[in-house]
Amino acid sequence: MAQTKNPENDFICKTIFHLNTIKGFHWQTESYAEHQVLDLYHNKLTELIDKFVETLKEFKPTTDAGCIDTYIDRADVIEHIKEYQEKVRDVRASLNSVKENDDLLSIVDDFEQVTNEALFHLRLK
């Protein structure tokens, strides 16, 4: 990950990358206690970085930061979510081809519902 010229932006990007890494570790551990600790840590860091960024009010990710896309406008956000919605549909199609995936398909239903709700609310004026 490239370093930004702004230490606050660098911290935010490193935290976003760290959150993804921690969630990956959370999914891979074979220890229930470690699984729980990593999940709690991830959730608390997510809340803290949200507070940090919203308090800073100056987070302007640069293309060399590589942690998130730059916010353009609501229409752009809707397009990003619609692209993700296609990924949700793709995974549903893949899971539908195997009969033993009812549990996973139920979770995909939740992804689809949350994504559809976000799109609905974003389209309201």
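Reader: How many helices and strands does the secondary structure of the chain come to?
Author: Helices (H or I, at least four residues) and strands (E, at least two) are DSSP runs, numbered from the N terminus. Along the sequence, the pattern is α-α-α-α. The count is 4 helices and 0 strands.

Reader: What pLDDT does the chain average?
Author: This is a predicted model, where local features need pLDDT of at least 70, side-chain atom pairs count only at pLDDT 80 or more, and totals for chains, interfaces and linings use all residues. Residues are numbered from 1 along each chain as its sequence is written, and side-chain values use heavy atoms, with hydrogens and water left out. pLDDT is the predictor's confidence in each residue, from 0 to 100. At least 70 is scored by 84% of the residues, and the chain average is 83.

Reader: Where in the chain is confidence lowest, and where is it highest?
Author: Helix 1 has the lowest confidence, at a mean of 86. The highest, at 90, belongs to helix 4.

Reader: What share of the residues in the chain is buried?
Author: Buried means under 20% relative accessible area, exposed over 50%, partly exposed in between (1.4 Å probe, protein chains only). The chain has 125 residues, and the buried share is 25%.

Reader: Is Lys23 buried or exposed?
Author: Lys23 sits in helix 1, residues 7-28. Contact means heavy atoms within 4.5 Å. Apart from neighbours within four places in sequence, Lys23 is in contact with Asp39 and His42. Its relative accessible area is 16%, so Lys23 is buried.

Reader: How far is Ile12 from Asp50, C-alpha to C-alpha?
Author: Ile12 also belongs to a helix, helix 1. With a relative accessible area of 1%, Ile12 is buried. Ile12 and Asp50 are 38 residues apart along the chain, and their C-alpha atoms are separated by 9.5 Å.

Reader: Which rings form the 1 aromatic pair, and what is its geometry?
Author: Rings of Phe, Tyr and Trp (its six-membered ring) pair if their centres lie within 6.5 Å; planes under 30 degrees apart count as stacked, over 60 as edge-to-face and the rest as tilted. The search of the whole structure finds 1 aromatic pair. The ring centres of Phe11 and Phe52 are 5.1 Å apart and the planes stand at 65 degrees, so the pair is edge-to-face.

Reader: Which helices does the pair link?
Author: Phe11 is partly exposed at 43% relative accessible area, and Phe52 is partly exposed at 31%. The two are 41 residues apart, in distant parts of the chain. The link runs from Phe11 in helix 1 to Phe52 in helix 2, residues 32-56.

Reader: Which residues is Arg74 in contact with, leaving aside its neighbours within four places in sequence?
Author: Arg74 is in helix 3 and partly exposed, at 40% relative accessible area. Leu122 is 48 residues away in sequence but 7.2 Å away in space, C-alpha to C-alpha. Beyond those neighbours, the contacts of Arg74 are His121, Leu122 and Leu124.

Reader: Why do the buried residues of helix 4 line one face of the helix?
Author: Leu105, Val108, Thr115 and Leu119 are buried in helix 4. Seen down the helix axis, the buried residues fall within an arc (taken from the directions from the axis to the C-beta atoms) of 80 degrees, so they line one face. On the other side, Asp102, Asp103, Val114, Phe120 and His121 are exposed. What covers the buried residues includes helix 3 (74-96).
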